[in-house]
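The sequence and the structure come first.

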Amino acid sequence: MKVLVINAGSSSLKYQLIDMDNEQLIAKGICERVKDTSKSCISYTHYTPAGKVAVKDEPVPMENHTAAFHEVKRVLTSGESKVLDDISEITAVGHRVVQGGALFNKSVRIDQSVIDGIESLCDLAPLHNAAHLEGIRASIELFGPDVPQIAVFDNAFHSTMPPKAYMYGLPYSYYEKYGIRKYGFHGTSHRFVSARCAEVMGRPLEELKLVTCHLGNGSSITAIRNGKVLDTSMGLTPLDGEIMGTRTGAIDASAVLYIMKKEHKSVEEMETLLNKQSGILGISGLSSDDRDVKKAAAEGNERAKLARDIQIYEIQKYIGAYTAAMDGIDAIVFTGGIGENADDMRATVCDGLSYLGIAIDKPFNATLVKGKEGEISTKDSKVRVFVLPTNEELLIARDTRDIVEAM
């Protein structure tokens, strides 16, 4: 069975084609600047019978997501990048959907009622859900109604959170009228690495207390007790939680109101400030990329150092808080672009958790970058610590396969 995994953004279309008979990646790529026909392009890496074919920024006019899908079809089925004789070899399409709200607590086959449900949640994720719907509709148009389309929701894994964890201290009527509560994000990543952690530990996930740290330009930390999410750092939107690349993370709401009053900012301007101009970028004044900030900090830039110090401090706080909430902890997992590659940050975070009896092998920790998996805790560490690369696309493909096989 070949599954096409799609992650549609407002002006992009990412894809992976995976052979689920052996879970091997056949092809991956991205259409960028969709809708801007003068700048739109496609980049891809395909593993053909003749060898790997990689193309960067091939200019192709794409006026919408339907046009982008046709370009994906073209590079999959023709030319040097060909990996399929015909698009009909694709059994099903799995779509990443960021916000499933309280409507969807598991992956589902897409029909009109599911499309309507995703659309009804656009206010909770206006940049994401509307784009996902464009991708879904374009996919149905290309493949026709008989090819199963599956929605895999980013927050579904977090649906086990109890009300004491997901409710805000607002009048209850806002929850009843608008569904305002914590939903969490990166759920596919947290689900993937928690299952992998249990597998590596040789223990049932249902017996474990884990904290999984998905650290990247967007970051979230999750407490998983006995296979179920107890709490997670992101909230109603991906803005909440620890400081991120360009997002503030958790902030006193009064600080937002104060800035709006002093600077006479509109709601839209404030949304931009909080989501795109803050976080590591806002503190450092340099970049949202951890590699740039780390380099600047090493060269003596105090604001860059402060930005990283805040990030490390907040990761430590969340791990400590979630350990208390779960009444113990068996393992910590680092994943995501920063979690998998910033070995110095992992070491510093763990140094501040010595009260938990954590000890890591720092030389070995330094070797685990660029997709390498391993345990960085020492044999006498009371809490095990892992670096586990995430693979959200594979999890989406697995859910898609399982739903199709059960049809």
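Val293 is part of helix H10 (residues 290-298); helices (H or I, at least four residues) and strands (E, at least two) are DSSP runs, numbered from the N terminus. The relative accessibility of Val293 is 1%, so Val293 counts as buried. Buried stands for under 20% relative accessible area, exposed for over 50%, and partly exposed for what is in between, with a 1.4 Å probe and protein chains only.

Apart from neighbours within four places in sequence, Val293 is in contact with Ile280, Ser284, Ser287, Ala304, Ala307 and Arg308 (contact: heavy atoms within 4.5 Å). Leu306 lies 13 residues from Val293 along the chain, and their C-alpha atoms are 9.8 Å apart.

## Basis of the model

The model is predicted: local features need pLDDT of at least 70 and side-chain atom pairs count only at pLDDT 80 or more, while totals for chains, interfaces and linings use all residues. Residues are numbered from 1 along each chain as its sequence is written, and side-chain values use heavy atoms, with hydrogens and water left out.

## The sheet of 6 strands

An open sheet with mixed pairing is formed by 6 strands in the order S11-S10-S9-S12-S14-S13. Its edge strands, S11 and strand S13 (374-375), each pair on one side only. Two strands pair if DSSP finds at least two bridges between them. Helix H6 (residues 187-201) packs on this sheet and touches strand S9 (209-214), S10, S12 and S14, with its direction at about 130 degrees to that of S9. Axes are lines fitted to C-alpha atoms, for helices over the stretch in contact, and angles run from 0 to 180 degrees between N-to-C directions. Helix H11 (residues 302-326) lies across S9, S10, S11 and S12 and runs at about 15 degrees to S10.

Strand S10 (residues 220-225) pairs with S11 in the antiparallel sense over 4 bridges, and Ile224 is opposite Val229 in S11. The hairpin of S10 and S11 has 2 residues between the strands, and Asn226 there takes a positive phi near 55 degrees. In strand S11 (residues 228-232), 4 of the 5 residues are buried, so S11 is largely enclosed by the rest of the structure. Strands S12 (residues 331-335) and S14 (residues 384-387) run parallel and are joined by 4 bridges; Val333 has Phe386 in S14 as its bridge partner.

## The sheet of 8 strands

A sheet of 8 strands, also open and with mixed pairing, has the order S5-S4-S3-S2-S1-S6-S8-S7. Strand S5 (51-59) and strand S7 (108-109) are its edge strands, each pairing on one side only. Within it, strand S2 (residues 12-19) and strand S3 (residues 24-32) pair in the antiparallel sense over 8 bridges, with Tyr15 opposite Gly29 in S3.

Helix H15 (residues 392-405) packs on this sheet, touching strand S1 (2-8), S2, strand S6 (90-97), S7 and strand S8 (149-153). The direction of H15 makes about 125 degrees with that of S6.

## Helices H7 and H8

Helix H7 (residues 253-263) packs against helix H8 (residues 267-276) at an angle of about 125 degrees, and their axes are 11 Å apart. That makes H7 oblique to H8: angles under 35 degrees count as roughly parallel, over 145 as roughly antiparallel, 65 to 115 as roughly perpendicular and the rest as oblique.

Val256, Ile259 and Met260 in H7 meet Val267, Met270 and Leu274 in H8. By class, this contact has 6 nonpolar, no polar and no charged residues. Ala, Val, Leu, Ile, Met, Phe, Trp, Tyr, Cys and Pro count as nonpolar, Asp, Glu, Lys and Arg as charged, and the others, Gly among them, as polar.
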